[in-house]
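Subject: Structure handover and findings

Dear colleague,

Please find below the structure that I am handing over to you.

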Amino acid sequence: MTAVLQVVAYERKYRDEILSLMFYSRYTHTHLDWYKAGNWLDLDQKIVLLAFDGDHLAGVIGISEPLNGATWMRMVIIAQGYDPMLIMGFLWEQLRVTLMRMQVDKTAILVINPWIARFLPALGFNYIENVVTMHRSPQAVPPEPITSVVLRNGYLEDLHAIMAVDHAAFAPPWQMSATDMRLSQRQAASCTVATIDNRIVGYEIATRHHTNGHLARLAVHPNQQGQHVGQHLLNDLLQRFAKRGVKVMTVNTQESNIRSQRVYENYGFMRNGFDLPVWRAAF
């Protein structure tokens, strides 16, 4: 189909049309973490561009809030009957210009939907590494590590201190925004902080669904790494979740993060083969 395309910035009046396109199109990529699609579209900080062929919505591309020069591709939808490469290329070029003006020079994408991978090289994306999933079956929890760290519940008023740990522990684009962190705290079944002299030096956020748990985030400030802070947080989480009937735990981590994988392995986690590629465009 020959298309004469016009790019339009997202407005709320397009929300239902985007959700409908997402439902019917087989060319859909979403990586929204804590959000449902409609709620994510309601965020102020995201950037979403739409491609119209006349009155027909041909495609959508959306990124998360830019943070420290980096962002994630969160939404790509191409309408049936259109060339995905044509629509994606058109939208990406428009978006890339916007990002460069904002001094954002890296965009990453987690390839959850395999169809999109074959188009990424032509858009300037390169494969970086995998995100791996680790699984823990029911078993005894190792003895609690000896440490002077004090654990307590994390609260919304701890947000800035938790963010400081997160941004020290992770490099862009792996850092969480304040908006995402606030929502993750609200939705979590567990949010625990580790303190030394009343100063937050680590935290964990985990979710629970019936007898399954997922460690969504575990971070320790680099100045305290090697002092068993992460092990203490993990040990405490596993003990508490076991008492609440959680039998299976999962966690995701970067394949290059060997240190975290070793910690999880010591607590009975094993890779389950569910790996997702991460691609990145730098410009």
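Predicted model: local features only at pLDDT ≥ 70, side-chain atom pairs only at ≥ 80, totals over all residues.

Residues are numbered from 1 along each chain as its sequence is written, and side-chain values use heavy atoms, with hydrogens and water left out.

Overall fold

The protein has seven helices and 13 strands; these are DSSP runs (helices H or I, at least four residues; strands E, at least two), numbered from the N terminus. Of the 283 residues, 52% are buried, where buried means under 20% relative accessible area, exposed over 50% and partly exposed in between (1.4 Å probe, protein chains only). Among contacts (heavy atoms within 4.5 Å) between residues at least 6 apart in sequence, 73% join residues at least 24 apart.

Salt bridges

The count of salt bridges is 12, each being a side-chain nitrogen of Lys or Arg within 4 Å of a carboxyl oxygen of Asp or Glu.

- R217 and D166 form a salt bridge at 2.9 Å, N to O. R217 is in strand β11 (residues 212-220) and D166 in helix α4 (residues 159-169), 51 residues apart. R217 is buried at 15% relative accessibility, and D166 is buried at 0%.
- E204 and R240 form a salt bridge at 3.3 Å, N to O. Because E204 lies in strand β10 (residues 199-209) and R240 in helix α6 (residues 229-243), the pair ties together parts 36 residues apart in sequence. E204 is buried at 1% relative accessibility, whereas R240 is partly exposed at 25%.
- R152 and D158 form a salt bridge at 2.9 Å, N to O. R152 is partly exposed at 32% relative accessibility, whereas D158 is buried at 10%.
- R12, R15 and D42 are joined in a network of salt bridges.

A residue in helix α7

Q261 lies in helix α7 (residues 258-266) and is buried, with a relative accessible area of 4%. Neighbours within four places in sequence aside, the contacts of Q261 include V132, M134 and R271.

Yours sincerely
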